[in-house]
Amino acid sequence: MMGHTTVGAHLTKSHLCAHTYPDWYDPKGICSFRVDIDIATCGTIVPLRALNFMFESFENDVVIIDYVVRGFTRDAEGRRVYMDHTLKSIQDFIDPKILADYHCEDLVLQNENIWQTKMMRTRLDPSAYFPPDVDPAAPESIARLDDVRREMVGIFYGWPG
């Protein structure tokens, strides 16, 4: 994991929050890292542009991003504006180089102004999961990495453990 860093910012009429779930309590000793990113806005700010920074800040196996447009702002004539930008998918705001490392699924409730993207890392670098003195090509290491993959799939789909 990277060093601990705290970043604070004020987003007028918006919020961006990351909930991190490092899981090292698995009885088999598997450690996974999930981050849930909640984004809400009303008005002219689109905090989705901060997602690349968030991906660079965390080493995540599973990511669930929720984006909700709540409330409204007003235009120059005083009319309510609920959504002042077009959005098909949260993925449109994530660098393609980052997306290349993940399997992604979208849920879109456009009439409700709710979007969700679930992401699961597909490329597992054994050196990120084992200490330097462990041979990642050893049969027991390969089996452990398969356990990590199964754990990630269970987290991604919300299966009971």
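## A salt-bridge network

Glu 77 and Arg 79 form a salt bridge, with their closest N and O atoms 3.0 Å apart; the term means a side-chain nitrogen of Lys or Arg within 4 Å of a carboxyl oxygen of Asp or Glu. Both Glu 77 and Arg 79 are exposed (exposed is over 50% relative accessible area, buried under 20%, partly exposed in between, with a 1.4 Å probe and protein chains only).

This is a predicted model, in which local features need pLDDT of at least 70, side-chain atom pairs count only at pLDDT 80 or more, and totals for chains, interfaces and linings use all residues. Residues are numbered from 1 along each chain as its sequence is written, and side-chain values use heavy atoms, leaving out hydrogens and water.

## Other salt bridges

The structure holds seven salt bridges. In one of them, Asp 147 meets Arg 150, the closest N and O atoms being 2.5 Å apart. These two residues are three apart in helix H4 (residues 139-157), so about one helical turn separates them. Asp 147 is buried at 15% relative accessible area, while Arg 150 is exposed at 53%. Salt bridges with shared partners also join Asp 75, Glu 77 and Arg 79 into one network.

Let's turn to strand E7. Helices (H or I, at least four residues) and strands (E, at least two) are DSSP runs, numbered from the N terminus, and two strands pair if DSSP finds at least two bridges between them. Six of the eight residues in E7 (residues 114-121) are buried.

E7 runs antiparallel to E3 (residues 62-69), joined by seven bridges, and Val 62 stands opposite Met 120 in E7. Eight bridges join E7 to E6 (residues 102-109), also antiparallel.
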